[in-house]
Amino acid sequence: FLLPLVWLLINSTKSTTGLFESFGLWFASDFHLFENVRDTLTYQGGIYSRWFLNTVLYAVVGAGGAALLAALGGYGVAKFDFPGRRLLLAVVLGAVMVPATALAIPTYLLLSSVQLVDTPLAVIIPSLASPFGLYLMWIYAAAAVPDELLEAARIDGAGELRIFWSVAMRLLAPGFVT
């Protein structure tokens, strides 16, 4: 499983000629790692750096936001009894079964109607909605967060948001919340 990474690291040290004239899993006679990195970072005025920052932004904000929203929603649905809870379960399970490709055009049309096309929010907002993440956190919160612990926190005077951050998140994401 490390072979593609080794291949990438070795071949990043080669010139274009060395890439095609040498064995793929061994170094060429010339060493061009620093020139290759410089050429990559200065390509089209540094566009690669912008692409890298976009990737980091989308990964951190999109994945982190989706995980946070799934934890909030899953905890709320698992631990609070409210009218329409069973209907919500049916809607969430139905949404899990819809392939993302089927939502591409409606999502584009929706984002286009609010002038968000060609902005970072057009990538981040759809990634925040994760029916599978909500369902997963719902099942996990129902099993991992004991009701007795929540009742004890309420008796001690903690509000619901404080209970979520101080009690439930420590059980749902151990090591993440200090």
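Helix α4 passes α8 in a right-handed crossing; a crossing counts as right-handed if the near helix is turned clockwise from the far one by less than a right angle, and left-handed if anticlockwise. Helices here are DSSP runs (H or I, at least four residues), numbered from the N terminus. The model is predicted: local features need pLDDT of at least 70, side-chain atom pairs count only at pLDDT 80 or more, and totals for chains, interfaces and linings use all residues. Residues are numbered from 1 along each chain as its sequence is written, and side-chain values use heavy atoms, with hydrogens and water left out.

Helix α4 spans residues 47–79, and its axis comes within 7 Å of that of α8, crossing at roughly 50°. Axes are lines fitted to C-alpha atoms, for helices over the stretch in contact, with angles from 0 to 180 degrees between N-to-C directions. Helices α4 and α8 are therefore oblique to each other. Angles under 35 degrees count as roughly parallel, over 145 as roughly antiparallel, 65 to 115 as roughly perpendicular and the rest as oblique. On the α4 side, the contact (heavy atoms within 4.5 Å) includes Ala-70, Gly-74 and Tyr-75; on the α8 side it includes Leu-134, Met-137 and Trp-138. Its residues divide into ten nonpolar, three polar and one charged. Ala, Val, Leu, Ile, Met, Phe, Trp, Tyr, Cys and Pro count as nonpolar, Asp, Glu, Lys and Arg as charged, and the others, Gly among them, as polar.

Helix α8 also meets α5. Their axes come within 8 Å and cross at roughly 130°. The crossing of α5 and α8 is left-handed. Arg-85, Leu-89, Val-92, Leu-93, Ala-95 and Val-96 in α5 meet Pro-131, Phe-132, Leu-134, Tyr-135 and Trp-138 in α8. This contact has ten nonpolar residues, no polar ones and one charged.

The largest pocket holds about 310 Å³ of space. A pocket is an open set of points on a 1 Å grid over the protein atoms alone, where a 1.4 Å probe fits, with protein on both sides within 12 Å along at least five of seven lines; lining residues have an atom within 4 Å of a point. Of its 15 lining residues, Leu-103, Thr-107, Ile-125, Pro-126 and Ala-129 are the closest to the centre. Helices α5, α6, α7 and α8 each supply at least two lining residues. The largest share, four residues, comes from α6. The lining has 14 nonpolar residues, one polar and no charged.

The second largest pocket has a volume of about 200 Å³. Its lining includes Trp-7, Lys-14 and Asn-36. Three nonpolar, five polar and one charged residues make up this lining.

Technical notes: Points joined across faces, edges and corners; volume = space filled by probe spheres on them.
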